[in-house]
Amino acid sequence: MTKKLFAVVTLMLAGFTMAGLVQAQAEEKAATLKIEKPWTRVTPPGAKVAAGFVTITNTGSEADRLVGATASLSKHVEVHEMSMKDGVMRMQEVADGIEIAPGATVVLKPGGYHMMFMELSASPKVGEPVKGTLKFAKAGELPVVFAVAPLGAKSINGGGKMTDSQKKDEMDHGSHHMKH
Ligand SMILES: [Cu+2]
């Protein structure tokens, strides 16, 4: 082996080792986030967006942030927040993501924080889980599979009947995003 080739091989090995270390660190951080019950639900006819929900627990000692997500049937996913303002339910994009403090559990659920699957290529169907990822500031991109609940479901465990006001929420939700 020539000296030059030896140097190249050494550099390559060093590169692999570095990549391995970075990978190991990413896995270690990912392991401190417990991701439970990723789910979405069937959308009203004609809807261009779907909402995604998940429960995230930070078992580590450092805060992390949910900064984005992907879903196979959506062109891009935004992180949204719903809030009451002047007696009207509104939603807006959470620009810098959702913080998950050490020891905290953050629940994305109907009426609160949620992911918004924008520009749907197809509507979610019950029995056809949606593949995607959650993107964290520190832990990076973690794969998830969103289970699909029926139209108007308030949780992944049970659908239940929608009240009229919930139906209205659903429609407001849809119309808000149609303007995008
Ligand atoms: Cu939204």
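1. Two strands are said to pair if DSSP finds at least two bridges between them, and strands (E, at least two residues) are, like helices (H or I, at least four residues), DSSP runs numbered from the N terminus. In that sense S74 stands opposite L120 in β8, and six bridges join β8 to β4, the two strands running antiparallel.

2. This is a predicted model, in which local features need a pLDDT of at least 70 and side-chain atom pairs count only at pLDDT 80 or more, while totals for chains, interfaces and linings use all residues. Residues are numbered from 1 along each chain as its sequence is written.

3. On confidence, pLDDT is the predictor's own confidence in each residue, from 0 to 100; the protein averages 83, and 71% of the residues score at least 70. Over residues 159-163 the pLDDT is below 50, and this stretch has six contacts in the model beyond near neighbours in sequence, two residues being in contact if their C-beta atoms, placed from the backbone, lie within 7 Å. Residues 174-180 also have a pLDDT below 50, and that stretch has eight contacts beyond near neighbours in sequence.

4. As for the overall layout, the protein has two helices and 10 strands, and the order from the N terminus on is α-β-β-β-β-β-β-β-β-β-β-α. Among the contacts with a separation of 6 or more, 68% are accounted for by residues 24 or more positions apart.

5. Of the 180 residues of the protein, 24% count as buried; a residue is buried if 20 or more other C-beta atoms lie within 10 Å of its own, exposed if 12 or fewer, and partly exposed in between, with C-beta atoms placed from the backbone. In soluble globular proteins, nonpolar side chains tend to be buried together.

6. Leaving aside its neighbours within four places in sequence, M115 is in contact with A51, G52, A69, V77, V79 and L108. F117, in β8, is the bridge partner of A50, and β2 and β8 pair in the antiparallel sense over three bridges.

7. Two residues deserve a check of their backbone angles, given that most residues other than glycine have a negative phi. D86, in the loop between β4 and β5 (88-93), has a positive phi near 50 degrees and is exposed, with 5 other C-beta atoms within 10 Å. E119, found in strand β8, has a positive phi near 45 degrees, and this residue is partly exposed, with 13 other C-beta atoms within 10 Å.

8. Not counting residues up to four places away in sequence, T43 touches A50, S123 and P124; T43 and P124 are 81 residues apart in sequence, yet 7.0 Å apart in space, C-alpha to C-alpha.
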